[in-house]
Each structure stands twice: as structure tokens, then as C-alpha cells.
Amino acid sequence: MKIRGSAAEYLGNKNEQKQGFKLKYVFVWVKVKRLSLFFSCRAKMPSMAQTPNPSANGNLSFNHNNNNNNKPNFFARSRKILEQRKSLPIASVERRLIEEVRKHDILIIVGETGSGKTTQIPQFLFNAGFCRGGKTVGITQPRRVAAVTVAKRVAEECGVELGQKVGYSIRFEDVTSSSTSIKYMTDGLLLREALLDPYLSRYSVIVVDEAHERTVHTDVLLGLLKKVHNVRSKYIRDHTSVGHKRTSDGAILEKENADPCISVLKQCEGRKLPPLKLIIMSASLDARVFSEYFGGARAVHIQGRQFPVDIFYTVNPQTDYLDSAIITIFQIHLEEAPGDILVFLTGQEEIESVEKQIQDNLRQLPEDSRKMSTAPIFSSLPSEQQMRVFAPAPAGFRKVILATNIAETSVTIPGVKYVIDPGVVKARCYDPIKGMESLIVVPTSKAQALQRSGRAGRDGRGKCFRLYPESEFEKLEDSTKPEIKRCNLSNVILQLKALGVDDIFGFDFIEKPSRAAIKRSVEELILLGALTDDCKLSDPVGHQMARLPLDPIYSKALILASQFNCLEEMLIAVAMLSVESIFYEPREKKNEARTAKNCFASPEGDHLTLINVYRASNDLLEKRKSEVGKDKHEKILRKWCKENFISSRSLRHARDIHSQIQQHVEQMGLCISSCGDDTLQFRRCLAAAFFLNAALKQPNKTYRALASGEVVHIHPTSVLFHTKADCIIFNEFVKTSKEYIRNVTIIDGFWLTELAPHYYARQE
DNA sequence: GAGCACTGC
């Protein structure tokens, strides 16, 4: 850590320029620090520093850097790919890495940003023969987009058609075939696969990428893989000890004399099951957690390639980070070299307000200093508008990207040279006692701050301005709390039960969720009938629920709906409830959006309103079914969504979910019938399924949730916001500025005692 | 009369 000379220059420049402009400067930036951990290895590979490579990263990366490749010259292209591959930091260690994999069944690889680990290691494994005998190398990713883009890149590098030797599999999209040897997939999908094939028998190696992100799926997967690894190794050990031969990669050549007493072995009978190789890849610098978890597993480090980023801190703590961010944007704009600015904010509202203030401030600047454009990006923004952040700014203009966390990992924006990090993030928290989620603004972790600053060093040397003093940085948590410690566990527990894990409290989680959280979710599953009183998966309800890729309470609603003769309606409702909000309300067209929504509104509540939207979209496609082609339908749907202020992304997602779960319930033999106009039947079914989420009106017109006893408020986006019905059921319970319930439908309070007598006793 | 970061099956 050293103070660079330019810090003083920077301060000097600023003070001089202060006189010239009307903007008020309040900052003095100090402490210029090299991100030494991130870039420590760069000195050893100076020649590589200038050519970042698109294959180095699995993110949604829009690389405009293919000027040399305008002509569709296949050979030039493949030569270029080969050169790029060879220049990756990882290329020089292929042989050593494969040796490590052969020697160690479990290997932790710490790969820095830009090392090329995600694209190259699977190819190394393939070349080393780990796919012999029809075996597959599986690589998991936390995000769909990463699985797809990396698979495409690797297929290109291998010169094969996607879906053949190299493929990917994500929900709704399976681009693999019987010849697929390198398979990229989401971690959640591999968990689903494990339900059908508990020993993951088709895989010789599983690579868990981005393990440091610690998503719920990754954490559960790690626990499961550890178990599967033990079982498959044990099988080998037991058999080799009685004289069986093994091939070099551990496959058993002979398998007679299998011990029939061991149930696991029974399932392995008749198959050659080599031990499962595990590779855990993490970008976090601390491999200790993973290594310790896997019994002191071997950890190796692979150098990365990223440009240096200078870190600046404020001298004093800032009281208003939005104000500080705006001032910093203008400081950079007026004093720093060309290059785009990426600002991390917590949500849509902040982004919109900062955007407006930037425009206002620009008007006060001299004409020739106004060349700055803004581009917001957050997940609920329609995709056409999201794409604007990737478009280069007009010539001579500086682009300011105002982003939520989406720009931290999910999307990579080229051209960013400056990052402004206020050091806060909006995070979801979960209170297992109340069963309530809340969204609150909290400080980032050190790892998050590092990730954010790294966004400035992708195309060249960058700068990151942290809007807090360095002393504050030292106080931050090292890494973000794993998701599994801050979410409802009902789904996780149901999945584990279905995978044969009986003792949830004893399950070997890398980090155990709290006992209270496990207890609450187990109780919920018992009340829903998924688990018996002695915590076994119930038959058939529990098994059916585990099979459906939905929240357990939605799965239960579907099963009940077949008895209430309203499964057709419930399939739609559940699909629509499983996606982000369907209605889109742009600020400037509020009233139009409301009028449009009223056309779908049902006086009985939000569930029927959502069904109306879905059916209207169905009717539309039915009317125009003569216009054939999937693309044509997409186009018709998009236009209709726009006219009706509906998010086309959410609706498309809901339609995908609908067709997926419809297939599942058909296979389960449930009867799909409609209650027609008898919506009472549908609402009775809602009451039977969502009895845990019922609320009663209080004399003061607020509501009290019956299960938790909390005072709750109907969310203003609900169609029932103005209707004060006596008894309602709801889907979500979220605390923001108040305790809100969302997606609400009117029911009759007596239905609860009738339909959920195990929970509600009638008061005489 | 609010305003919800991001993923995933």
C-alpha cells in the first residue's frame, strides 16, 4: 500500500479548477491505493496486459472489439481464437493442472478475473481423457446467461456445433445431445438432475464455478456433491480392495462380487461408476473455507489478467451519498481523461432521481462541458432500454451508467474507466420468526467493493472512487452473508428430503442456516402436508410437491386445485405469481398505465386479475393464430404488452413456466379442469392452499396476519387497495417502508376453519 | 397512496 504521487496532483488540479465552474466541490480525495491483491501477478506477465480476451469471462459481455474480423473468414477467426486461447494466463499451466486433478479427487481453484478458467479448464479435462466412455464434464454457473454465453464461446473454440460436443442446459432450454461431453448448466438445474440421478452417474467431473457467490443453489449443491463424492469413492475403495482393476481415471473394469448389503452399491450395480472428481472454482482470494469444508482439499491459484485500478477514498464520511455521487460524477467529467463512468446505486428510484439531477446540473455548465449522456440499467427496465448502456456514447461524449447491482456480476459494460461506489446495496433479509422478508439498504462487503472496483479495469487502467473513508472500508464484512442464511428454507428442505437427506439439522452445509430458520420451514412443510409428523416426505403429496419446480406453497395449491376442479386457473395463477411484477408503470405515463390495468382488474382480487391478463394474451394469440411462426407470435405479444403496460419479459417468463408445470402435472396424472365462471370455487381453493397467509380486517381498517399476528397493510399496487374486505389471503409479506402484503384475494373467514381445520379451530 | 437489489428450478 503506498500513496501515489498523482494523488497530490489530483488534489492540486481540483483546487485550481474550483474557481472556474459553478459546481460546488466538497471532496478532497486521498489515499490512492493499488488493488494489490487483485493484480499482484500482473508483473510476471507484462505482455498479456494489453489484450483482454472475450473468452476470459462468462458474463454477458458485449465486445465491440472485432474490427479485425469484418470478413467472415473462418480460418482467420479460428487462428485468432487459438491465439487468444494461448495468451490466456491459464494456458501455460494446462499440464500441471491436469496432474493436480489426477492426483486429487477434490481440487479448489482460485482463479482471478480474466484467468480464463471457465472456458479453458473443461477443454483441458476433455483433452486429458476425462470424457472417455461417454462420460461428461459438467460445469455449473449461478446464472443462465453465463451458462449460455460460455458454452457458445467454448463450442466456437472447439470448432463444433453448439449442442454436440459442447452444450448447455438451463431451465426451458436444453441444448445438449447424447454426444455432449462438456456441459454447461445452472447450478439449480444440476440439483434438479440429482433428483432423477442421485449419484450423478453420467458425470466424471463436476466443476462448480463462481462458488464464492454462495447462492442457495451453490451451497446445497456443494453439500450434495460432497456426499456423492464420498459414496462413489467408497464404492471404488471397497471394490479395489477385493482385487478389482481400475483404469487410469478410476473406472472399475470388473464389478462382480458387489456387496448387496450396501444399499448405495445396489444402485450402482451394473454400472461402471468412476469416482467423481470435483473442482470448486472461486474468484475469492480466500480458498480456506472451501478447502476446510472438503477435508483440507488441495487449493491452487491461477493468475488473472486485469488492468490496475486506483482506489480513492473520501477524507471524511459522507452524509448524503447521492449528493456525493453527483459531485464525483462532475469532478470526473471535468477533470479526468475520457472514459465512461459506472455508478452503483441501490434501486430504480435512486437511479431516476440521480439521472434527473445530472441533467439539471449539466445545464449550468458551459456549453463545451455539457457533453455527457446518462444510461440507467436495472433489472425491471425493459430490455430495449437496458441495451442503451451498451451503445457507445455520441462522439466526444462521456457516458454515465447508473446501475444497480446488476452491473456487479450479471452484465459487463465495455468502456468503463471510472467506478463510483457509495458502498451500499439493497439486500433481502429474512426473519424466520415472523416469516417476513425485508429489503433494506446495507453496507457492501469488502469482496463486493473489490468486485465493483474491478469493473473499472476491464479495458484499461481505471479508477474507483469509494464514497467513504478508508477507515470505513476496514470495518466492512469480508464477504456478503451467504444467501442460505437469509432466506426461507422450505424449498431447500423439500429438495433435500427428496434427495434422501433425512436429517436436515445434521446435513453438512458449508455454513449451517440457523436452527430457528430450519425449524420454521420444517413446520411449514408439515402444515402443508409435504412432510409427515415424523418429518418424512409424505406420499404422494410430498413427492409430487418436490417434483414441481415451484415454491412449495404453490405446488400445494396445484395439487389441491385438481380436487377443487380449478387446476386450469391455478396453473395460470401460479405461473403469474412466480415471475416479477407483470404490470409496468412508467413514471411519465402513470394514468394511462392505470387505465390499462383496470381493464383486467377483478373485484375479487389480484389472483383473478392476473388470470385475466394471461387469458387476454391467450385470446390474442388465438385470434391471430393464422399468422404462423414463433417470432411472429413474440412480436404480436410484445406489441400488445406495450399497449397494455405489461412487462413482456415477465409475461413470456410466466408463459414458459406455465407450459413447464402443465407438463409436470399432466405426467403426475392430475386432472386439469376449469371452474369456469365459478370463481368462488377457485377462491376456496386459494384459501385451502394459502391458509397460512390469511389476514383479518381490524376495527382500525388495518389487517392482522393470522399466523404471525403481525399488523400488515395491503400494498398500493393491489386491486384491493381501496376495498377493505373482512378476510383476505395474500402471497407475499414484505417489509419496505411498512409491512406490506402483496397479491391479495378476498375469501370468507369461515372457509379457513372448514378447509384448514388442522390449523384453525372454530370459535364457538 | 407506494415505489422491490439480483439470481434460480
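Two strands pair if DSSP finds at least two bridges between them; helices (H or I, at least four residues) and strands (E, at least two) are DSSP runs numbered from the N terminus. The model is predicted: local features need pLDDT of at least 70, side-chain atom pairs count only at pLDDT 80 or more, and totals for chains, interfaces and linings use all residues. Residues are numbered from 1 along each chain as its sequence is written, and chains are lettered from A and ligands numbered from 1 in the order in which they are written.

**Open sheet**
- Leu-107 has Ile-279 of strand 9 as its bridge partner.
- Strand 3 (residues 106-111) and strand 9 (residues 277-282) pair in the parallel sense, over five bridges.
- An open sheet of eight strands runs in the order 6-5-7-4-8-9-3-10, with mixed pairing.
- Its edge strands, each pairing on one side only, are strand 6 (173-175) and strand 10 (298-302).

**Surface near DNA strand B**
- DNA strand B is surrounded by 37 residues, the closest being Arg-144, Gly-347, Ser-379, Thr-736 and Ser-737; a residue is near a strand if its C-beta atom, placed from the backbone, lies within 6 Å of it.
- Elements giving two or more residues to this surface include helix 6 (144-158), helix 12 (348-363) and strand 24 (739-746).

**Annotated region**
- The unreviewed UniProt entry places the feature "domain: Helicase C-terminal" at residues 321-500; such annotations may be inferred rather than shown by experiment.
- Over residues 321-500, the chain is 33% helix and 26% strand, and the end C-alpha atoms are 49 Å apart.
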